[in-house]
Amino acid sequence: METVIKTEKLTKRFGDFIAANEITFEVNKGEIFGFLGANGAGKTTAMRMLCGLSIPSSGKATIAGFDVYKQTEQIKKNIGYMSQKFSLYEDLTVLENIKFFGGIYGLPDRDIKSKSEALIDHLGLQGEAKKLVGSLPLGWKQKLSFSVAVLHQPKIVFLDEPTGGVDPVTRRQFWDLIYDAADKGMTVFVTTHYMDEAEYCHRISIMVDGKINALDTPVNLKKQFNASSMDEVFYQLARGAKRAD
Amino acid sequence: MKQFIIFVRKEFAHVLRDKKTLLILFGMPVMQILIFGFALTNEVKNAKIIVVDYAKDVASREITSKIAASHYFEIEKSTMSHDDIEKSFKEGKIKLAIVFPENFNENLLHQNKAQIQIIADASDPNTANTLTNYASSIIRDYQSQLDKTTETPYRIIAQTKMLYNPQLKGVHSFVPGVMALVLMLVCVMMTAVSIVKEKETGTMEVLLVSPFKPIWVILSKAIPYLILSLINVVIILLLSVFVLDLPIVGSVLLLFAESILFIITCLTLGIFISVKTNSQQVAMLISLMGMLLPTILFSGFMFPIENMPVALQVFSNIVPSKWFYIIVKSIMIKGLGFSAIWKETLILFGITVFLLIVSLKSFKIRLS
């Protein structure tokens, strides 16, 4: 099994505050890896380091085989990212958004054209292609946002609480897209607060106070904590947390 | 490079699609020029004046009746007392006083020249200037009338005296002032807001994760505003030349080069604000309070800097618009060349470089 994310004692300090404390884990190709933790546990900091947005204070990490200290440019070419805030331009049309993001990832025009057509077909947005994104319902925006994030076929896609504020049916559809991508060999690294979504992941890690306190498949975690649901597992771990927003 | 073009095109789409912003962007300079222009330079009618006639001869009476007949002036009264004149000026009852010395006609006939004194209340420099021009032209009119009857030309020398504001500060100077104001507003506020907006909506993060270099993100944000601001400069200049009849005396090319420098100063300021703030409201407030107010107060176009306390005079030196205002005034109104404004240009350039370095530094800090 090919490893695409590998961290070893990855740490980020802000002054005296240790936001991420010696995080060590591996994620395999094609895996859907859930990254859980209460607010303030250090998820975002960890994810920013993995995306090359933030330089670690110490420790090692490679993303798609590239070093997070020296090769951030190569990392950026090989990852996709979708932020918790909905991250398309509302005043551009669906098509313009696709073209823009395809463009800044350096896709050739012909690729962008064929890909955007395929994408619009796939999402069933034929009627909306020339409408402003701002006029679409939130669920569609989020699906579109994900599709745009993986337009350049990155090895890994980072999703930061991608389904916030979306109804359960749309969330389910959103996860279908995630499964599709994972089936094609893309690695999905996802943070979430929804425990039903945690169950969809192949493996999950739970961060408490900057450290990873648990890491396994949902089934094994439930066994380990003698819990009937992921909710209970999460609650048992997060209850001991000293940090909160 | 191709990415850069794609990005700039996207920025244009943002600006052009936002009809309200666009209206502000281009409506504002037009409005300001017209409001300032017509509020300050409109012709004056029925201005109250005092005539002081020590001569009481044919010539003085004839000129007085000509003045009385014109619709520009209304003679409040005739007096002989200087105290009376001063009192009337101070109370704001009159705008102008015309003084005929003794032996006016005699001097005119025998020496072929005579003097008239025109005293104006220059605390409102525009009105003062307009009124003295009217009065002088009436006097010139009389003079040429006399000239027809004789071979030797007569000369009536009108001595004008501007009370309270001898240098007539403020005349036409609002055009350079409005230019500084509009560019400040457009460049600083719009750039700051458009960058902070991307932070707020989360698209900035997506851009920073992409292989597109952050410095290019910032640059491509600035380009559309640079171009739109240049269009604004053209609009303002066209309005001032064709609507306000204020010609550009100096080099237009130099004026544009200096404008580009100032626009870049403003863009860097905007970028600096956007790096330091996280919400559009804050960015807008800082741009308005921190940039617009100093521009109005300390550039010297509304309030003379010379009259301020020393501390404020020193402070005014770090306001970029002050230097731009001096530069534009020198080129546009005085017709001076680069040799006269290289110092101001250098200062403006220095401020720009300083701001650029500071904002790029803080931008990097944010990234790590």
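Q: Which residue in β3(B) stands opposite B:Ile50?
A: The model is predicted, with local features needing pLDDT of at least 70 and side-chain atom pairs counting only at pLDDT 80 or more, while totals for chains, interfaces and linings use all residues. Residues are numbered from 1 along each chain as its sequence is written, and chains are lettered from A and ligands numbered from 1 in the order in which they are written. β1(B) and β3(B) run parallel and are joined by 5 bridges; strands are DSSP runs of E with at least two residues, numbered from the N terminus, and two of them pair if DSSP finds at least two bridges between them. The residue opposite B:Ile50 is B:Ala97.

Q: Which residue in β2(B) is the bridge partner of B:Ile50?
A: β1(B) also pairs with strand β2 (residues 73-78) of chain B, in the parallel sense over 5 bridges. There the partner of B:Ile50 is B:Lys77.

Q: Through which helix does the chain cross from β1(B) to β2(B)?
A: This β-α-β crossover is right-handed, meaning that, with the strands pointing away from the viewer, the path from the first strand over the helix to the second runs clockwise. Helices are DSSP runs of H or I with at least four residues. The helix crossed is α3 (residues 58-69) of chain B.

Q: How many residues of strand β1 of chain B are buried?
A: A residue is buried if 20 or more other C-beta atoms, placed from the backbone, lie within 10 Å of its own. Strand β1 (residues 47-53) of chain B is mostly covered, the buried count being 5 of its 7 residues.

Terms used: Buried ≥ 20, exposed ≤ 12 C-beta atoms within 10 Å, placed from the backbone.
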